[in-house]
Amino acid sequence: MGKPRNFTAKPIFGGIWIVIAEGSQHARSFHTTKLEAWYEAKRLARGANCEAILKDKNGDIVANNYYGHNFMLMGDR
């Protein structure tokens, strides 16, 4: 089984926001607000045990949530 794809919410032109899977050329969904797009990216990431990423108009990451498995670090016993 391959690595789960991350989902990114980002603005495009005209105030439209998209949610896109990592490595895809096609948007998974289109939204009229940042909040709607961010909720959808988090919902998809939660279901796929991967990361939801929120980017601003410059492409900078402004938030991210990781929904993968928790691994115990060596010092956390």
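Reader: Which residues does Arg28 touch, if I skip the ones up to four places away in sequence?
Author: In this predicted model, Arg28 touches Phe7, Val19, Ile20, Ala21 and Leu44, once residues up to four places away in sequence are not counted.

Reader: And where does Arg28 sit?
Author: Arg28 has its place in strand β3, which covers residues 27-31 and is one of the two edge strands of a sheet, the other being β5 (61-66). Each of these edge strands pairs on one side only.

Reader: What is the order of the strands in that sheet?
Author: The sheet is open and has five strands in the order β3-β2-β1-β4-β5, with mixed pairing. Its neighbouring strands are turned by 15° against each other on average, when direction is ignored.

Reader: In which sense do β1 and β4 pair, parallel or antiparallel?
Author: Strand β1, residues 7-11, and strand β4, residues 51-55, pair in the parallel sense over three bridges. Within this part of the sheet, Thr8 stands opposite Ile53 in β4.

Reader: How about the helix, which strands does α1 lie across?
Author: Helix α1, made of residues 34-48, lies across β1, β2 (17-21), β3, β4 and β5, and runs at about 160° to β4. The protein has one helix and five strands, and along the sequence they follow the pattern β-β-β-α-β-β.

Reader: Which residues have the most contacts inside the largest nonpolar core?
Author: That core has 14 residues, and those with the most contacts inside it are Phe7, Ala9, Val19, Ala41, Ala45 and Ala52. At least two residues of the core come from each of β1, β2, α1 and β4, while α1 gives the most, with five residues.

Reader: What is Ala9 in contact with, leaving aside its neighbours within four places in sequence?
Author: With those neighbours left aside, Ala9 is in contact with Trp17, Ile18, Val19, Ala37, Trp38, Ala41, Ile53, Leu54 and Lys55.

Reader: Back to Arg28 for a moment: how far apart are Arg28 and Ala9 in space?
Author: From C-alpha to C-alpha, Arg28 and Ala9 are 9.9 Å apart in space, and they are 19 residues apart in sequence.

Reader: Last topic, the whole protein: how much of the protein do buried residues make up?
Author: Buried residues make up 32% of the 77 residues in the protein. As for the surface, the protein exposes about 5700 Å², of which carbon and sulfur atoms supply 53%.

Conventions. Residues numbered from 1 in each chain as written. Predicted model: local features only at pLDDT ≥ 70, side-chain atom pairs only at ≥ 80, totals over all residues. Heavy atoms only, no water. Pairing = 2+ DSSP bridges. Helix = DSSP H or I, 4+ residues; strand = E, 2+ residues; numbered from the N terminus. Axes fitted to C-alpha atoms, helices over the stretch in contact; angles between N-to-C directions. Contact = heavy atoms within 4.5 Å. Core = buried A, V, L, I, M, F, W, Y, C linked by side-chain atoms within 4.5 Å. Buried < 20%, exposed > 50% of the residue type's maximum accessible area, 1.4 Å probe, protein only. Areas by Shrake-Rupley, 256 points an atom, 1.4 Å probe, with all protein chains shown as cover.
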